[in-house]
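This briefing concerns the structure shown below.

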Amino acid sequence: MILTKNRSSARRKVLYYIFNLIIPSTIVVMFTMFSFCLPPISGERIVLNITVLLSMTVFLNIASNTLPTTSDSTPLLANYYMLVMVEVSIALFKICLNFS
């Protein structure tokens with residue numbers, strides 16, 4: 001009888017997640033903060049917030065295709081994307097209320 005030790009390890013590619021998911025979403029969040037610096041009367045503020053909302057939707061779609069599927073819990077990154085989308089939606093709603 002021959003005994004062999006088989007050591008295998010699986011590691012996530014941390015840099016892949018940082019460069020492809022976290023850094024772009026952080027830049028998009030900075031655009032959201034920048035939108036509050038624009039004058040409220042200008043139409044660019046609405047356009048910027050809609051663009052940010054659409055880009056966060058795309059990032060959420062990419063994250064859901066990239067992250068492993070589990071039924072136990074929602075990944076923290078997906079919760080972050082949803083929180084940012086809610087924040088941008090509220091900001092967009094508030095801007096639209098100021099116009100009317």
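Val52 touches Val28, Phe31, Thr32 and Val88, leaving out residues up to four places away in sequence; contact here means heavy atoms within 4.5 Å. This is a predicted model, in which local features need pLDDT of at least 70 and side-chain atom pairs count only at pLDDT 80 or more, while totals for chains, interfaces and linings use all residues. Residues are numbered from 1 along each chain as its sequence is written, and side-chain values use heavy atoms, with hydrogens and water left out.

**Nonpolar core**

- Val52 is, with Leu21, Met56 and Tyr81, among the residues with the most contacts inside the largest nonpolar core, which has 18 residues.
- Helix 1 (14-35), helix 2 (44-66) and helix 3 (76-99) are the elements that give two or more residues to this core.
- A nonpolar core is a set of buried Ala, Val, Leu, Ile, Met, Phe, Trp, Tyr and Cys residues joined through side-chain atoms within 4.5 Å.
- In soluble globular proteins, nonpolar side chains tend to be buried together.

- Thr32 is found in helix 1 and counts as buried, at 1% relative accessibility (buried means under 20% relative accessible area, exposed over 50%, partly exposed in between, with a 1.4 Å probe and protein chains only).
- Thr32 touches Val52 and Val88, not counting residues up to four places away in sequence.
- The C-alpha atoms of Thr32 and Arg45 are separated by 9.5 Å, and these residues are 13 apart along the chain.
- Ser25 also has its place in helix 1 and is buried, with a relative accessible area of 1%.
- Beyond its neighbours within four places in sequence, Ser25 is in contact with Met56, Phe59, Tyr80 and Tyr81.
- A polar atom of the Ser25 side chain lies 2.9 Å from the backbone oxygen of Ile22.

**Surface**

- Met33, in helix 1, is exposed, with a relative accessible area of 51%.
- Leu15, Phe19, Ile23, Ile27, Met30, Phe31, Met33 and Phe34 form a nonpolar patch on the surface, with about 820 Å² of accessible area together.
- The protein chain exposes about 7,800 Å², of which carbon and sulfur atoms supply 68%.

**Overall fold**

- The protein chain has 3 helices and 0 strands, and its pattern along the sequence is α-α-α.
- Of the 100 residues in the protein chain, 28% are buried.
- Among contacts between residues at least 6 apart in sequence, 70% join residues at least 24 apart.

Notes. Helix = DSSP H or I, 4+ residues; strand = E, 2+ residues; numbered from the N terminus. Polar contact = N/O pair within 3.5 Å; in protein donor to acceptor, adjacent residues only side chain to side chain. Areas by Shrake-Rupley, 256 points an atom, 1.4 Å probe, with all protein chains shown as cover. Patch = residues over 30% accessible without salt bridge, like charges linked within 9 Å, V, L, I, M, F, W, Y side chains within 5 Å. Salt bridge = Lys/Arg side-chain N within 4 Å of Asp/Glu carboxyl O.
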